Every structure is written in C-alpha cells, then in structure tokens.
Amino acid sequence: MNRFTDFLKYSYQKAARLKLPFLRYPVSKDGFVAVTAEKMKEFNSIRFHGPKKLACYNPFVNLYFNSRGQAVVCCRNQDTVLGTYPESSIKDIWFGKIADKLRQHLLHNDLTMGCKYCEHQFNTSRFYGLPSMHADYYSSTKVSYPKILEFELSNTCNLQCIMCSGIVSSSIRKNRENLPPLENHYNDEFVNQLKEFLHHAKEIKFYGGEPFLIDTYYKIWDYLLEIKSTAKLHVVTNGTVLNDKVRNYLKNLNFTITVSFDAMNKQLFESIRVGADFDKVKANIEEYNTLLGGKGLSLSFTPMKMNCREVPLVIDYCNTMNATINLSFVENPASMALWTLPSKDLKELEIFYSEYTFNPHSGVNAEYNITAYKQFVSQIGIYYETNKNCEDEFFQNLKTEEESRKILRDVINLALQQNIISESVMTEIIKAVNEVESELSGLEQHIYFGNLAKFLETDGLKSLEKLMLSGFEKNTIIGKLKEFTKMVDIYSKSYSDML
C-alpha cells in the first residue's frame with residue numbers, strides 16, 4: 001500500500017510541474033515588493049502540491065495562537081500579530097483589519113510584513129521546510145474559516161534544550177532563567193469559542209512546550225473524539241511522553257507526529273536535549289511509527305555547530321522508517337548557528353556533506369529527504385561565499401603588526417607626556433603586549449594586532465586614564481589584551497534581514 005501511495009505522490013508531483021512555464025507572478029508596484037519571478041520559478045519547481053502564483057497562502061487559510069495569547073498566521077512571523085486573546089475573540093482576530101492588510105501583502109508576493117525568515121530562505125534558495133509549503137494544499141485566497149489551526153498555547157515542557165528559551169520551555173524559564181511561570185491566556189471559554197472553528201478545520205497542529213503535557217490540548221482532543229473529527233492532526237513532540245492515553249488518541253484520531261531528534265549519538269543527543277533519555281526517545285519514535293501504521297512520522301533536526309555532522313546519519317535513520325526529515329534553521333543563539341562559522345569550517349562541512357554516501361533507500365519520502373538535504377548543503381555553500389567575503393574585507397582593513405606597534409608607542413608616549421602613566425608602567429604594558437603575542441601565531445597575531453590598533457585609535461588614552469585611577473594591575477591589562485585575540489562578529493551585517 002505504501003509503495004502504491006508513493007507512486008501516486010510521485011506521479012502527481014511530476015504532472016503538476018507541467019503548468020510551471022505558464023504561470024504569471026505579481027510584480028513590485030504600488031509600494032509592494034514582490035519576490036522575483038526567478039525565485040518563484042525556483043520555488044515552484046519543488047513545491048509538492050504543484051506550482052502556485054503566490055509564495056504563501058497562510059494568511060488566507062492558517063491561524064496560529066502562541067503562548068502569549070497572540071494570534072498570527074505563521075510560526076515564523078511572530079511580528080505581525082492579528083490580535084490577542086482574550087482581549088479579542090477568535091472571530092474578530094481572524095476577520096480583522098490586520099489580517100486583511102497582511103493578506104494584501106501576500107497577494108503581491110511581498111514578504112516585508114514580518115516574513116524575514118522566508119525572505120532569507122528565498123534569498124538562499126532553500127525552500128524545503130518553508131512554512132508556506134504547509135498551506136499549499138488549500139492555496140485559496142477566499143477568506144472563510146481557517147483550514148489550518150495551529151496551537152502553541154503553553155510553554156509547559158520537561159526539557160531544557162540548549163538552543164531553547166523560557167518562552168517555549170517552562171523548565172528553562174524556572175531553572176535556567178529564574179523567572180516566574182508564563183501567564184496562561186487560554187481558558188475554557190477559548191475552547192468553547194474554538195469549537196465552531198474546529199468543525200471547519202482540515203488540519204490542526206499542536207506545538208509546545210511539550211504538547212503531550214499541555215492540559216488544554218487534551219480538552220481539544222476529547223472534543224474532536226466526541227464529534228468524530230476526521231481532520232488531520234499533527235503534533236510536534238520531544239518524544240519523551242508516550243502513555244496509554246496518548247496511544248488512545250493516536251489510534252482513534254487522524255494523527256501525524258514530528259519528533260525533535262538532533263543526533264544519532266546518545267551522549268551528543270542528551271547534551272542538546274537536556275533531560276531526555278536517548279534510548280527512551282528512540283524507542284518512542286519507533287512505537288509512534290507503529291501506531292501511525294508506518295506513515296505520518298517525521299523527525300525535526302536542528303543543525304548547529306555541535307551536531308551538524310549528524311545530519312546525514314539522522315536522514316539515514318528517517319529512511320529506514322519511511323519518515324521525512326525537517327531540517328530546522330537556527331537564527332539564534334548566533335554562537336550555535338551554522339551561519340556564524342568561519343568560511344574554512346563551512347567549506348570543510350560542505351565537502352563532508354557532499355561526500356557522504358547514504359544507505360540504499362527508496363520511496364517518495366526518501367527522495368524528498370535527499371532533495372531537502374541537497375538544498376541544505378547548497379545553503380551551506382552560500383554561507384561559505386558570504387562569510388569568505390566578510391573575512392576578506394575584515395582582514396584587508398586590519399592594521400599590520402608594525403602599524404599597530406607604532407600606534408601603541410604613540411598612545412603610550414602621549415599618556416607619558418600627560419602624566420597619566422609612569423615609565424615603569426609603560427614598560428609593563430609593552431611586556432604585556434609581547435607576552436600575549438608570544439602565545440599566538442599566524443592569523444591569530446594578525447587579528448590580535450588589528451583589534452589592538454582599532455582599540456587604541458578609539459579608546460586607548462581614555463582607557464589608560466581610567467585604569468590608572470583604579471590602580472595599575474598587569475593581570476587586568478593581560479585580560480584586556482586577550483580579548484583582542486578573538487575575531488569580532490563580522491558576519492551579522494550580512495544576515496541583518498534574518499536577525
């Protein structure tokens with residue numbers, strides 16, 4: 001049966017491409033900035049439900065409630081808030097003026113009203129996993145009840161993932177951030193208002209926190225059981241919860257599941273998903289797959305510096321279960337994100353990915369996974385080019401060691417003339433500079449002297465004066481000088497639209 005379904009999916013995808021050359025797209029006019037026709041053609045060439053005129057149909061078919069009581073049309077656009085519950089009713093939010101304004105932007109393929117995430121993905125030609133793809137099946141611009149409902153009603157969660165925050169994890173908010181619990185905006189009246197919408201919904205998605213720990217979701221699922229709903233339900237879970245009540249929902253409602261899973265290595269996985277047991281999560285994943293009848297399972301992988309070489313291994317694991325991969329994109333924390341890697345590391349990573357040999361695989365899902373992987377690797381190549389240009393510009397503008405030492409002598413001599421420092425202090429400062437340099441080599445020295453020169457030209461004299469007021473300490477000088485051995489953030493300006 002799965003092979004026959006895969007064949008139908010494959011045939012549909014191929015046939016839908018036939019209309020690609022005949023589509024005409026919105027252009028930039030009347031103050032709207034449209035996605036280019038070239039990018040739309042590129043995007044349309046891989047859209048599962050066939051080429052479309054618009055880049056995104058979410059504002060017409062999708063309603064999303066977050067844990068702050070805010071309603072938006074997409075998980076990646078939290079800036080354009082349609083309204084807030086309970087200040088506004090669900091009906092007033094969906095049929096309101098802000099929603100209409102956003103719809104006008106997307107009718108013109110204009111991503112400037114809070115859609116920075118997708119704008120970045122379009123610019124780097126990585127389309128697999130775009131939130132707009134989820135709404136493509138409905139692709140209507142007629143405004144009626146939303147076909148898709150998405151809920152992130154609470155941050156209740158039992159894990160403290162290292163790339164996460166207290167906004168989506170109550171455990172982090174309590175233990176790492178030492179903050180009080182988030183206010184619960186969703187009462188029984190919300191569920192009552194929602195019932196009218198549930199009858200019209202074709203897909204309903206549940207996020208967290210951890211969805212299987214959120215009480216309001218159980219009330220919604222119980223109502224869906226009561227009305228014998230056939231809507232497609234989707235849960236994004238950390239995979240730690242699987243009990244008899246959950247099994248009953250999975251058997252009697254039309255569920256699919258995405259499990260967050262970031263490594264095939266137990267120690268690495270548990271260092272990322274703090275509080276999770278790798279073996280238990282892996283066992284739960286395989287039972288979820290059985291309960292779903294071998295279809296409707298996907299794994300969501302968050303590629304970061306520490307686990308990026310696990311990506312193909314997890315895709316191989318997906319392929320063994322006929323599961324799909326979702327490669328998430330880390331904007332922040334920037335220190336963990338791949339886009340802040342030096343170009344040398346990005347090139348090595350790109351080569352590693354390109355040379356990886358996947359285990360034998362077949363089926364539409366496996367084909368999707370490999371294609372999504374290739375786009376991910378292509379994006380790494382774009383980051384390499386971008387960061388290489390940043391580095392070239394940075395090093396070209398750095399002062400040399402000779403220039404830096406001249407600036408140092410000038411600043412110290414001026415401080416000596418103004419009686420800010422003594423000759424003995426001057427000697428100690430020069431010794432400290434040489435001591436730090438002795439631990440460096442090559443490129444590190446270039447960065448060190450370049451950063452030192454820049455500092456001396458802007459703040460050197462004032463900093464010396466401030467230092468002497470509190471008393472000269474060689475260790476303090478050494479500590480400050482070691483800061484100059486680190487390359488400053490030179491990448492963010494190239495990704496400013498993303499941040």
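The largest cavity in this predicted model holds about 120 Å³ of space. By cavity I mean a set of points, on a 1 Å grid over the protein atoms alone, where a 1.4 Å probe fits but cannot get out; lining residues have an atom within 4 Å of a point. A volume is the space filled by probe spheres set on the points, which are joined across faces, edges and corners. Sixteen residues line this cavity, and Cys56, Asn58, Cys74, Cys115 and Cys118 are the closest to its centre. Helix 3 (58–61), helix 5 (97–107) and helix 6 (116–123) each supply at least two residues of that lining. Helices (H or I, at least four residues) and strands (E, at least two) are DSSP runs, numbered from the N terminus. By class, the lining has twelve nonpolar, three polar and one charged residues. Here Ala, Val, Leu, Ile, Met, Phe, Trp, Tyr, Cys and Pro count as nonpolar, Asp, Glu, Lys and Arg as charged, and the others, Gly among them, as polar.

Please note that residues are numbered from 1 along each chain as its sequence is written, and that side-chain values use heavy atoms, with hydrogens and water left out. Because the model is predicted, local features need pLDDT of at least 70 and side-chain atom pairs count only at pLDDT 80 or more, whereas totals for chains, interfaces and linings use all residues.

The second largest cavity has about 80 Å³ of space. Its lining includes Arg126, Pro303, Phe329, Trp339 and Tyr383, and divides into nine nonpolar, two polar and one charged residues.

I turn now to the pockets. A pocket is an open set of grid points with protein on both sides within 12 Å along at least five of seven lines. The second largest pocket has a volume of about 340 Å³. Of its 18 lining residues, Phe455, Ser463, Leu467, Ile477 and Lys480 lie nearest its centre. Which helix gives the most to this lining? Helix 18 does, with eight residues.

Next, the nonpolar cores. A nonpolar core is a set of buried Ala, Val, Leu, Ile, Met, Phe, Trp, Tyr and Cys residues joined through side-chain atoms within 4.5 Å; buried means under 20% relative accessible area, exposed over 50%, and partly exposed in between, with a 1.4 Å probe and protein chains only. The largest core has 126 residues, of which Phe65, Phe151, Ile204, Trp221 and Leu299 touch the most other members. Helix 15 provides the largest share of this core, eleven residues. Apart from it lies another core of 26 residues, among them Val411, Leu440, Phe449 and Leu481.

The sheet is open, with nine strands in the order 3-2-1-4-5-6-7-8-9 and mixed pairing. Strand 3 (83–84) and strand 9 stand at the edges with a single partner strand each, so one side of each has no neighbour in the sheet. Two strands pair if DSSP finds at least two bridges between them. Strand 1 (residues 62–65) and strand 2 (residues 70–72) run antiparallel and are joined by two bridges; tyrosine 64 has valine 72 as its bridge partner in strand 2.

Finally, why is helix 13 (residues 311–320) described as largely enclosed? Eight of its ten residues are buried, so helix 13 is largely enclosed by the rest of the structure. These buried residues include Val311, Asp316 and Tyr317. They pack against elements including helix 12 (278–291) and helix 15 (364–396), where contact means heavy atoms within 4.5 Å. Just after helix 13, asparagine 322 takes a positive phi of about 60 degrees.
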